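Good morning, and thank you for making time for this presentation. I would ask you to look at the sequence and the structure together as I go through them.

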Amino acid sequence: MVAENNISTELCKKCADCCKNYPLIELSENEINSLELLTGLHSGTFINSKGKADEGYFLQFKENGYCFFLNENNGSYSCRIYEARPEICKNYPSNIRQQEVCNSNRGKFMSNSFG
């Protein structure tokens, strides 16, 4: 069982590691529709096909490896689609490895940014 996620909002704003270089954000049709409604963008702007159209879709990433919807402003990050973010994002960290990454970054950012 994964430990409870106790990451502070401020920490997430400074880190955003889960939104960087995490290239396999699979999207359901419902998630795609929600993102289109929220952003006003056509899905072709922010998705990549897994191959054939009926095989599914992934969220597109920027050239630097960051999520298409991640904003950066003076070292602080925010999500442009937070209200309609995909389930995988809502559930992060959902496994032990992801929790370890968050714990490691918590230590790094707490000592460097907040202490």
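Let me begin with Asn74, which sits in the loop between E4 and E5. Please bear in mind that this is a predicted model. The phi angle of Asn74 is near 55 degrees, a positive value in a residue that is not glycine. Is Asn74 buried or exposed? With a relative accessible area of 76%, Asn74 is exposed.

The strands on either side deserve a word. Strand E4, residues 70–73, and strand E5, residues 76–79, run antiparallel and are joined by four bridges. Within this pairing, Asn71 stands opposite Ser78 of E5. The hairpin has two residues between the strands, and Asn74 is where the positive phi occurs.

Where does Ala16 lie? The residue is in the loop between helix H1, residues 9–15, and strand E1, residues 26–27. Its relative accessible area is 6%, so Ala16 counts as buried, whereas Asn74, at 76%, is exposed.

As general background, nonpolar side chains in soluble globular proteins tend to be buried together.

Which residues does Leu27 contact, once neighbours within four places in sequence are set aside? They are Ile32, Leu35, Ile47, Tyr57, Phe58, Leu59 and Pro86.

Next, the cysteines. How many disulfides does the count give? The count is zero. For Cys12, the nearest cysteine sulfur belongs to Cys18 and is 6.4 Å away; a disulfide would require the two sulfur atoms to be within 2.5 Å, so Cys12 is in none. Cys12 is partly exposed, with a relative accessible area of 39%. Cys67 is likewise in no disulfide, the nearest cysteine sulfur being that of Cys19, at 5.9 Å. Cys67 is buried, and its relative accessible area is 10%.

Let us move on to charged side chains. A search of the whole structure finds two salt bridges. One of them joins Lys90 and Glu87, with an N to O distance of 3.5 Å. Lys90 is partly exposed at 37% relative accessibility, and Glu87 is partly exposed at 42%.

The other salt bridge is formed by Arg97 and Glu100, whose closest N and O atoms are 3.8 Å apart. These two residues belong to helix H4, residues 96–114, where a spacing of three residues again amounts to about one helical turn. Arg97 counts as exposed, at 55% relative accessibility, while Glu100, at 42%, counts as partly exposed.

The peptide bond joining Tyr92 and Pro93 is cis, with omega at about -5 degrees.

That concludes my presentation, and I welcome your questions.

Key
Residues numbered from 1 in each chain as written. Predicted model: local features only at pLDDT ≥ 70, side-chain atom pairs only at ≥ 80, totals over all residues. Heavy atoms only, no water. Buried < 20%, exposed > 50% of the residue type's maximum accessible area, 1.4 Å probe, protein only. Salt bridge = Lys/Arg side-chain N within 4 Å of Asp/Glu carboxyl O. Pairing = 2+ DSSP bridges. Contact = heavy atoms within 4.5 Å.
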